[in-house]
Amino acid sequence: MALPKKYIRLPVLLILLSMLFVMPYAGAQDDELIIDNPGAYRKKQRVGVNFPHDLHVGNFECLACHHDYKEGQNLLDEKMLEEGNPNLHCSACHNENTDINLKQAYHRQCIGCHREFRIHCCCKVCDKIIWLVGSAPGPELCGECHIK
């Protein structure tokens with residue numbers, strides 16, 4: 001015995017709608033990444049960092065974080081920005097043999113941007129804080145990122 005069409009339409013419609021909203025994100029980077037490089041440090045002092053990648057992607061250009069600097073220019077090709085590319089990990093370039101080691105690179109990039117964002121999001125006329133795209137500036141203290 002076959003079901004009437006009216007009982008089939010709703011489930012099919014729901015499946016199609018869910019595919020419409022899920023498919024664009026199927027190949028995208030995870031919403032939240034865990035930044036943790038246990039093999040990169042001789043003595044690990046803090047836990048890894050939960051990094052809200054989706055929040056950053058929605059508000060900033062990819063090349064604001066991802067970079068390959070040569071003579072002061074970011075020469076990274078955005079076509080290289082694909083999930084799983086090991087050359088995009090900070091640890092691919094920043095290690096104990098470079099001028100800026102991994103810990104320094106993370107802190108300069110993350111905390112530096114958070115401070116810059118905090119300083120430049122204030123209205124010069126009324127001195128009120130204006131959050132860009134509805135978000136507050138990022139954390140700047142150790143315990144705000146490295147949460148046990």
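In which helix does His56 lie? His56 belongs to helix α2, which spans residues 53-59, where helices are DSSP runs of H or I of at least four residues and strands are runs of E of at least two, both numbered from the N terminus. The model is a predicted one, in which local features need pLDDT of at least 70 and side-chain atom pairs count only at pLDDT 80 or more, whereas totals for chains, interfaces and linings use all residues. Residues are numbered from 1 along each chain as its sequence is written, and side-chain values use heavy atoms, with hydrogens and water left out.

The table gives the accessibility of each position, with buried meaning under 20% relative accessible area, exposed over 50%, and partly exposed in between (1.4 Å probe, protein chains only).

| Residue | Relative accessible area | Class |
|---|---|---|
| His56 | 17% | buried |
| Glu71 | 85% | exposed |
| Ala92 | 40% | partly exposed |

When residues up to four places away in sequence are not counted, His56 touches Phe51 and His114, a contact being heavy atoms within 4.5 Å.

Glu71 sits in the loop between β3 (69-70) and β4 (73-74), and its phi is positive, at about 50 degrees, although Glu71 is not a glycine. Most residues other than glycine have a negative phi.

Ala92 is placed in the loop between β4 and α3 (102-119). Apart from neighbours within four places in sequence, Ala92 is in contact with Pro86 and Asn87, while its C-alpha atom is separated by 9.3 Å from that of Leu102, 10 residues apart along the chain.
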